[in-house]
Amino acid sequence: MPIEPLADERVDHRFKALPPDAEGLTVGELAAQRRNLFTGGFTTPVLALSAESVEHNLRLLETYAERHGLAFAPHGKTSMAPQLFARQLEHGAWGITAAVPHQARVYRAHGIARIFLANELVDAAALRWLAAELDADPGFRFICYVDSVRGVELMDAALTDAGARRPVDVVVELGAGEGARTGARTAADCTAVADAVAATRTLRLVGVAGYEGEVPQATTERVREWLDRLVSLAAEFDKAGRFSPDIEEIVISAGGSAWFDAVADVFAEIPELSLPVLKLLRSGAYVSHDDGHYRHLTPFNRVPEEGTLQPAFRLWAQVVSRPSDEQAFTNAGKRDAAYDLNLPEAQVVRSARDGSQRPAHGITVTGLSDQHGWLRTEPEAGIEVGDWLGMGLSHPCTSFDKWQLIPLVEADGTVVDYIRTFF
């Protein structure tokens with residue numbers, strides 16, 4: 001996988017928080033210096049990823065998928081980081097999931113050979129690009145959703161106009177219910193879409209898929225009921241001969257980061273079909289986990305015997321103002337921290353006087369401006385201007401996307417690599 005050129009990129013003003021005196025070095029040269037995050041010239045705010053936690057999470061989902069007989073295509077939209085994609089593939093991933101054509105282009109630029117696009121694709125320009133990619137590389141496998149006859153017609157027209165020589169593999173997306181997101185709502189709707197695919201020469205129906213995270217008022221029982229519908233749809237299509245006759249396996253795919261335990265349980269009971277089944281899980285947030293949304297939602301809370309994910313993000317900001325005993329302000333705001341689901345969580349204070357660290361007792365993040373964090377401070381906070389505040393974040397997808405180059409940091413503060421993102 002061609003990620004080596006990322007190390008040749010020059011460090012400059014494009015990348016937040018990197019040491020000013022590193023200007024002109026390549027990323028690889030800077031990484032080789034193994035600077036310390038706190039004493040190596042980094043400016044604040046700075047987002048860091050724990051090297052140990054990332055490795056732990058990669059290994060945990062690899063063993064989980066193996067234990068449950070699942071193939072794994074983690075959703076790359078979470079990080080958009082080819083270096084992390086490479087690590088996920090090294091840890092057993094079947095491929096990488098995308099949501100939009102731009103993401104697929106990033107994946108291909110970095111050598112991803114299998115892409116599952118968990119969305120409908122009706123953009124003629126993107127389909128022309130896809131046809132060219134498939135025709136140029138016999139080893140490239142691509143699968144995407146279809147959920148309407150009109151969508152199938154648009155895909156067929158664009159691929160025909162592009163002179164596509166290889167058909168595009170598609171799966172019928174089953175909607176999660178009325179009022180949910182995309183997906184055909186009824187069995188009849190799904191059948192109509194499958195019949196439309198069969199009428200083309202540019203598409204191959206290879207399976208069924210969907211996203212259980214959109215089940216309205218989701219509970220374990222409701223999610224399992226929807227997953228049972230998905231499996232039943234695959235069985236009905238197989239019995240009726242609706243899958244393309246030249247495929248070698250049937251794809252059944254689901255699985256975000258909140259209900260993959262239910263996916264594992266239901267997929268373990270898939271009945272024998274006429275072909276082998278690729279049981280494809282797509283969870284993506286696990287690679288960094290978080291200290292908020294997914295800390296509460298992770299299935300490992302329900303099955304602790306299976307393991308525990310570790311939050312890998314920490315945003316370090318500096319206290320720049322202390323106008324009263326009850327209030328302080330940092331220099332990290334909405335431009336730096338995820339805030340769509342939860343505010344950052346104050347965790348650690350690093351003293352500007354002696355570099356000592358202590359728990360952030362009595363400190364609460366109460367709001368974010370564009371470039372300021374609002375802190376409420378209790379008497380025991382003991383925080384002063386110049387101190388660094390380490391914060392946990394919620395929602396990985398909106399944490400990665402604010403940083404183009406993220407230090408990968410060992411527990412002692414040593415920066416061992418820099419993770420490049422492409423949003």
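Axes are lines fitted to C-alpha atoms, for helices over the stretch in contact, and angles run from 0 to 180 degrees between N-to-C directions. Helices (H or I, at least four residues) are DSSP runs numbered from the N terminus. This is a predicted model, in which local features need pLDDT of at least 70 and side-chain atom pairs count only at pLDDT 80 or more, while totals for chains, interfaces and linings use all residues. Residues are numbered from 1 along each chain as its sequence is written, and side-chain values use heavy atoms, with hydrogens and water left out.

Helix α2 (residues 51-67) and helix α3 (residues 82-90) have axes that come within 9 Å and cross at roughly 40°. That angle makes α2 oblique to α3, since angles under 35 degrees count as roughly parallel, over 145 as roughly antiparallel, 65 to 115 as roughly perpendicular and the rest as oblique. On the α2 side, V54, E55, L58 and E62 make the contact (heavy atoms within 4.5 Å), and on the α3 side L84, R87, Q88 and E90 do so. These residues comprise three nonpolar, one polar and four charged; Ala, Val, Leu, Ile, Met, Phe, Trp, Tyr, Cys and Pro count as nonpolar, Asp, Glu, Lys and Arg as charged, and the others, Gly among them, as polar.

In the second pair, helix α4 (residues 101-109) packs with helix α5 (residues 124-136) at an angle of about 25°, the axes being 11 Å apart. The two helices α4 and α5 are therefore roughly parallel to each other. Here P101, A104, R105 and R108 of α4 meet A126, W129 and E133 of α5. This contact has four nonpolar, no polar and three charged residues.
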